[in-house]
Amino acid sequence: MAMAKKRIAVIGGGSSGLCTIKCCLDDGLEPTCFERSEDIGGLWRFKENPEEGRASIYKSVIINTSKEMMCFSDFPIPDDFPNYMHNSKIMAYFRMYADHFDLLKYIRFKTTVVSVTKRPDFSSTGQWDVVTESEGKQESAVFDGIMVCSGHHTNAHLPLDSFPGIEKFKGRYSHSRDYKNPQEFSGKRVIVIGIGNSGGDLAVELSHEADQVFLSTRRGAWVLNRVAEQGYPVDIVLSTRFKAFFKRMLTTSMVNQWAENRANARFNHAHYGLRPQHRCFQTHGIFPSACWDRMAN
């Protein structure tokens, strides 16, 4: 007599949720994915208006990982897709992946997971009670395992306490989660606070429309290129066997110095007040999507 398949609850139908469903099927498990919105894609599905409980991106977002490095190992990204994909191409790829492996039938859309709790007999069965809600109705089901694939970019971090006087500010302020395109800032003076990838992207994009743009950073950043020598994606160039061998032969400080020299060869970070205290590989560098030279003018 065949044993019943173990039932797995997958929370979220984005990039992680989709491949989790596929892996469950590969391992003979029975997945049920709960997705609170009406479609797959999670973070990568652009909407003109931010949605409660879902990550929100701006229209121009391009991924910072090359297609060769980011694709699912069992489903290569089509050859005619660009190395660094616009969010619409990423969504197209996810749809191809879901269709190819017939994953949509395992997803319950517009269904929110309300609670996940251990069953009274959890110590012997390892089972969980999962309460979900759809169209105002709640239901409970028992699962043998839980896979949380809900991402971590859902809620905006807007620490207004850090900006004394903000309540008297006559202009507009908002989080990058609410930003969609630069046209509404035409003719305005704008300050972008924070020099992560979003901050770099937005500052460059706004500079085409706004009257003047300032980019504020507490500690500077190393500005890196997506494209390396001979036009290869930088993440591929840095991930060769030779580079791994090279890295083992050198101290961490020497590796950082090599990277910093490369970054400063494009423009000297110290000249623009950008040179940070931290070393290049101690934290994320940034990859602004458009020509960084524009920000220097």
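Between which two elements does the loop that holds Gly-13 lie? Gly-13 lies in the loop between β1 and α1, in a predicted model with residues numbered from 1 along each chain as its sequence is written. Local features need pLDDT of at least 70, side-chain atom pairs count only at pLDDT 80 or more, totals for chains, interfaces and linings use all residues, and side-chain values use heavy atoms, with hydrogens and water left out. The chain has 8 helices and 9 strands; helices (H or I, at least four residues) and strands (E, at least two) are DSSP runs, numbered from the N terminus.

**Overall dimensions and burial**

- The C-alpha trace of the chain spans about 70 × 55 × 40 Å along its principal axes.
- Of the 297 residues in the chain, 36% are buried; buried means under 20% relative accessible area, exposed over 50%, and partly exposed in between (1.4 Å probe, protein chains only).
- Gly-13 is buried, with a relative accessible area of 0%.
- The C-alpha atom of Gly-13 is separated by 7.8 Å from that of Asp-39, and these residues are 26 apart along the chain.

**The parallel sheet**

- An open sheet of 4 strands has the order β3-β2-β1-β7, with parallel pairing; two strands pair if DSSP finds at least two bridges between them.
- β3 (107-109) and β7 (145-148) are the edge strands, each pairing on one side only.
- On average, neighbouring strands of this sheet are turned by 20 degrees against each other, direction ignored; the axes are lines fitted to C-alpha atoms, for helices over the stretch in contact, and angles run from 0 to 180 degrees between N-to-C directions.
- β1 and β2 pair in the parallel sense through 5 bridges, and Arg-7 stands opposite Glu-30 in β2.
- Strand β2 (residues 30-35) is joined to β3 by 3 bridges, also in a parallel arrangement, and Glu-35 stands opposite Phe-109 in β3.
- Because 5 of its 6 residues are buried, β2 is largely enclosed by the rest of the structure.

**The antiparallel sheet**

- A 3-stranded open sheet has the order β4-β5-β6, and its pairing is antiparallel.
- β4 and β6 stand at the edges with a single partner strand each, so one side of each is left without a neighbour in the sheet.
- Strand β5 (residues 128-134) and strand β6 (residues 137-143) run antiparallel and are joined by 7 bridges.
- Trp-128 has Phe-143 as its bridge partner in β6, while Val-130 stands opposite Ala-141 in β6.
- β5 and β6 form a hairpin with 2 residues between them, and Glu-135 in the turn has a positive phi of about 50 degrees.

**The largest nonpolar core**

- The largest nonpolar core holds 36 residues, of which Leu-18, Ile-40, Trp-44, Met-85, Tyr-93, Phe-94 and Leu-206 touch the most other members; such a core is a set of buried Ala, Val, Leu, Ile, Met, Phe, Trp, Tyr and Cys residues joined through side-chain atoms within 4.5 Å.
- At least two residues of this core come from each of β1 (7-11), α1, α3 (87-100), β8 (189-193) and α5 (197-206).
- α3 gives the most to this core, with 6 residues.
- In soluble globular proteins, nonpolar side chains tend to be buried together.

**The second largest pocket**

- The second largest pocket has a volume of about 700 Å³. On a 1 Å grid over the protein atoms alone, a pocket is an open set of points with protein on both sides within 12 Å along at least five of seven lines, a cavity is a set of points where a 1.4 Å probe fits but cannot get out, and lining residues have an atom within 4 Å of a point.
- Grid points are joined across faces, edges and corners, and a volume is the space filled by probe spheres set on the points.
- This pocket is lined by 31 residues, and the closest to its centre are Gly-42, Leu-43, Cys-149, Ser-150 and Gly-151.
- α1 (15-26), β2, α2 (67-70) and β4 (112-118) are the elements that give two or more residues to the lining of this pocket.
- The lining of the second largest pocket has 12 nonpolar, 16 polar and 3 charged residues; Ala, Val, Leu, Ile, Met, Phe, Trp, Tyr, Cys and Pro count as nonpolar, Asp, Glu, Lys and Arg as charged, and the others, Gly among them, as polar.

**The cavity**

- The structure holds 1 cavity of 30 Å³ or more, and about 30 Å³ of space lies in the largest cavity.
- Residues lining the largest cavity include Arg-45, Phe-46, Lys-47, Arg-54 and Lys-180.
- The lining of the largest cavity divides into 4 nonpolar, 2 polar and 5 charged residues.
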